[in-house]
Each structure stands twice: as C-alpha cells, then as structure tokens.
Amino acid sequence: MNILTLFVLIPALMLLGLWLSRSLNQVRGVMVAGASCLLALSIWLTVYFVQERAAGNTDVMLLQDSISWFAPLNICYAIGVDGISVVMLLLSSIIVFTGTFASWQLKPLTKEYFLWFTLLSTGVYGFFISIDLFTMFMFYEVALIPMYLLIGVWGSGAKEYSAMKLTLMLMGGSALLIIGILGIYFFNGQFSGVYTMNVNEIALTSHLIPVAVQKVFFPFIFIGFGVLGAMFPFHTWSPDGHASAPTAVSMLHAGVLMKLGGYGCFRVAMYLLPEAANQLAWIFLILTTISVVYGALSACVQTDLKYINAYSSVSHCGLVLFALLMTTQNACSGAILQMLSHGLMTALFFALIGMIYGRTHTRDVRKLGGLMKIMPFLAVGYLIAGLANLGLPGFSGFTAEMTIFVGSFENADTFRRVCTIIACTSIVVTAVYILRVAGKILMGKVADPHYELLTDATWDERVAVACLIFCVAGLGLTPFFFKPIIDNALVPILGNIL
C-alpha cells in the first residue's frame, strides 16, 4: 500500500472509531489519536521529501501510484506529491490537530460534530494527494459538503442563511469546474490521441489543445476554484460563512479549505491550459488586485472580530492568486508560502476569537476592552497573531509577502508592475485595522465589570494556541527549509506555462 493512502485511510478509521464511541472521552481519544497520527505522518513526509532532495533525487513528483478505477474513461485512483502538496498536507494536519483541541469543550452533539469535521478533513487530504482530475474533484466535493451541516447545526448568528449561501455558491463553482475538467479531458484526448484524467500526463500534451479551446475552458476552471479562494466578486459567501461557523470549522475553512482554491487554480487551470493562462491573466490580475485591496479596506470598517478576520482572509487569499498569475519563480514561491503562512495565521486568529467569544459572549469590538488584564495568555496570543498578519519581520507573514511583492515586481510588464504597486498598499491598510482592533480590545479599561470574573485559557486551548504560534514563528524564521522543495515543484508548472 502506498503510504500516501494513509492520509485517507486514517481519517476513515477515525470515522469508524467515532461512530463506535459511546462516551465523550472516547470521542476525544479517537480525535487526538487520529490527528496526532496524521500530524506525525505529514512531518515524516516533509522530512523524507527534504532528504530525497538532499540525496540528489530530481524527480519532482514522489510516491506516485495509480490504480485503475473506471477503465472505459481511463479514470484512476492516482496519487503522488511534490513540494507544494507536501507543505499543504503539513498545513492541513497542523490545523486538524489544533482544531481538535480548540473544539475540546464543544457541546452538544460532540460526536456528530467530529464525524463531520473528520469527513471534511478527509476530503482535504485526498484532494492534495490526488493527481487524477476525477479523483481530485471527488475529494473536493467531499470537503465542501460537510460545511453545510457544520455551520447550519453548530454555528451561531444567521447560521442557516450563511450555510445555505456558502453551499450554493461553492456548488456553483463546482458546476463550472466539472465543465472545465470535462473540456480538458475530451479536447486533450482528441488532439493527443490519449484520453486521460492524469494531471501529469495531460500536462505533457496540453500545448496540443488549440488556444481558442483553452480560452473557453480556462475561465471555467479558474473561476470555479477562484470561488473557493474568495476571488472578487465571488467572495461574498466567505465573510458570512466564517462569521457563523464554529471555531474549529472557521480554522479549517480559512486555514485549509480556501487553499484548495489557489492550489487548484495553479495545478489545474494554469498548468493544463498554459496558453490561455498567459493570454487571459490580465483579466484575473485585475480581479485579484481588487480582492487584495478591497478585502483590506472592508476589514477596516467592520466591528465584528470574525468579519474583520474574514475580510482579511479575502485580501490575503487574493494575494495568493495575484502572485500565481505573475508566473515568476519568486512570486509563485511566495504564493505557496503565503498559503502556508495565512493558513496558520488565520487559524490562530479564529481560534483566539472563538475563545474570547466563549467567555465574553460578544465579538463586537466596541464592547470589548482591557482583555490583557483579564486573560493575558489569550491577549498576548491575539497580539502575536495580529503582528504576524501585518507582516512583522520574524513571522511567516513577512517572509511570504516580501517574496510575493519582490517576485511580482521582477516582471518587466508595466501593467503587472502597476498592479503590484496597488496591491502593496494593502500592507498599510492591514496595519491600520490590526493595530486599531488590538489596541481597542486588549488595552485600556475593562469594558464591562462582569469581564473581571472571566478566566484565562484552559490547558486544551493553550495547546492549540501555543502550537500555532510556534508554527507561525517557525515558518518566519526558517523559510529556507520549505522554499527549496517548493521551488523544485514549480519548475515543471512554470516551464509549461512559460
């Protein structure tokens, strides 16, 4: 059995264990054991990948395997990982692990909640290890469907509306995706003579697809994945979904699920339809530049902590798609680092917001204040998350954003340089809303006398927050550990596009 299959098998065993559990302690035990195994597996895979590169292994895609699934259409259970997949799997396992502890006290229906949470993570893991378009799309759908129930049942506020809006918009994106995937499958087969869903095999013959055909199907796939990446103007589901979702679901949703959008745009749309990616990039550069600036400006005028972080995510995820469309080595490398960085930062933010809300029962910035005196651990954690988000050197946000902006400006095209300058303004805007909110809710007088009776973080909350802070600082201080394996994975993709 290929070791990558464990990323699907372990969650499947977790689902079985949760179904058989008869007490809350058993449910928690299954989740911690499974999440720990997945985290250990992803760490081992990352170390293995680095060692293979150090040993001189030049294969971009490692641990490949393929089992025929539906022979008439040449659909296979095809798996494999490159440097991009490896860091996404590592990110996913960190968020699932910390999300488990962030949900430690969740009630009611704890067992059912973790069942759907695990099914969601199964889809995420399966998506990142898949190199067959059909298998990738199947896991993509598995990752989306549980969101409706997780928000609709365990969410807060206008949860039914948010769950329905999120599901309908993401299903709309999926409809566009299936059209684009079938277009690639049939037209690539028509002009190459081989009908296949394997991403790497299609890439070898993708230039045979006429440019006119590529330009028809490229928007279907890029917009289909871009909806999940919160690309303007298809982003409106994101703030409502984040605001209503329970803490760990917000962490997994913003930290990992939205990364499926950027990953799919790069791995499928740009890699398999390269000529269209070059000719239509200017349209999507305009949209992603708007996403970056609009998301940051929108965050400035929000008063709900979750909405602030949700619009911040629109801005940062827009920056990922913006950098990928620049198609320079440094910009694309920065985009992958940004996916990893933002996933960790936003998970930390949502975890802390959920913990603060659980105590104060409000997310309104105007009703909060003086939290540093009452819950210093959570307050310091929030301040660290904010400093990382605005790009303070030493944290992951600085490394990713500097790589993106430097790489984007390397492009000699005047239009792209203008877009880069406009996108850079988001740095200042981000600093404004982060410092404003942190100062308002953490410093000064205690806003409500009842807050004096509140307690600081419990042990399970401290585990989740400490792990995420360690990862945010670790990525900021040691980007050289991840960048070489990411750069290696970019070679065939950028080679195909350029």
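1. Strand β1 (residues 62–70) and strand β2 (residues 75–81) run antiparallel and are joined by six bridges; two strands are said to pair if DSSP finds at least two bridges between them. Helices (H or I, at least four residues) and strands (E, at least two) are DSSP runs, numbered from the N terminus. The two strands form a hairpin with four residues between them, and Asn74 in the turn has a positive phi of about 55°.

2. Some words about the source belong here. This is a predicted model, in which local features need pLDDT of at least 70 and side-chain atom pairs count only at pLDDT 80 or more, while totals for chains, interfaces and linings use all residues. Residues are numbered from 1 along each chain as its sequence is written, and side-chain values use heavy atoms, with hydrogens and water left out.

3. Thr5 is found in the segment before α1, and with a relative accessible area of 17% Thr5 is buried, where buried means under 20% relative accessible area, exposed over 50%, and partly exposed in between (1.4 Å probe, protein chains only). Leaving aside neighbours within four places in sequence, Thr5 is in contact (heavy atoms within 4.5 Å) with Tyr77 and Ile79. The C-alpha atoms of Thr5 and Ile486, which are 481 residues apart along the chain, are separated by 22 Å.

4. Met1 also belongs to the segment before α1 (6–20), but Met1 counts as exposed because its relative accessibility is 72%. Together with Leu9, Leu13, Leu16, Trp19 and Leu20, Met1 forms a nonpolar patch on the surface, with about 670 Å² of accessible area in total. Such patches are made of residues with over 30% relative accessible area and no salt bridge, like charges being joined within 9 Å and nonpolar side chains (Val, Leu, Ile, Met, Phe, Trp, Tyr) within 5 Å. Accessible areas come from the Shrake-Rupley method with a 1.4 Å probe, and for residues only the protein chains shown count as cover; a salt bridge is a side-chain nitrogen of Lys or Arg within 4 Å of a carboxyl oxygen of Asp or Glu.

5. Phe128 lies in helix α4 (residues 110–129) and counts as buried because its relative accessible area is 0%. Beyond its neighbours within four places in sequence, Phe128 is in contact with several residues, among them Gly80, Met88, Leu89, Val256 and Tyr263. The C-alpha atoms of Phe128 and Met88 are separated by 7.0 Å, although these residues are 40 apart along the chain.

6. In the largest nonpolar core, which has 181 residues, Phe218, Phe266 and Tyr382 touch the most other members, and the largest share of this core, 18 residues, comes from α14. A nonpolar core is a set of buried Ala, Val, Leu, Ile, Met, Phe, Trp, Tyr and Cys residues joined through side-chain atoms within 4.5 Å.

7. The backbone deserves a separate check. Most residues other than glycine have a negative phi, and most peptide bonds are trans. The peptide bond from Lys107 to Pro108 is cis, with omega near 0°, and a cis peptide bond also joins Phe232 and Pro233. Ala230, in the loop between α8 and α9, has a positive phi near 60°.
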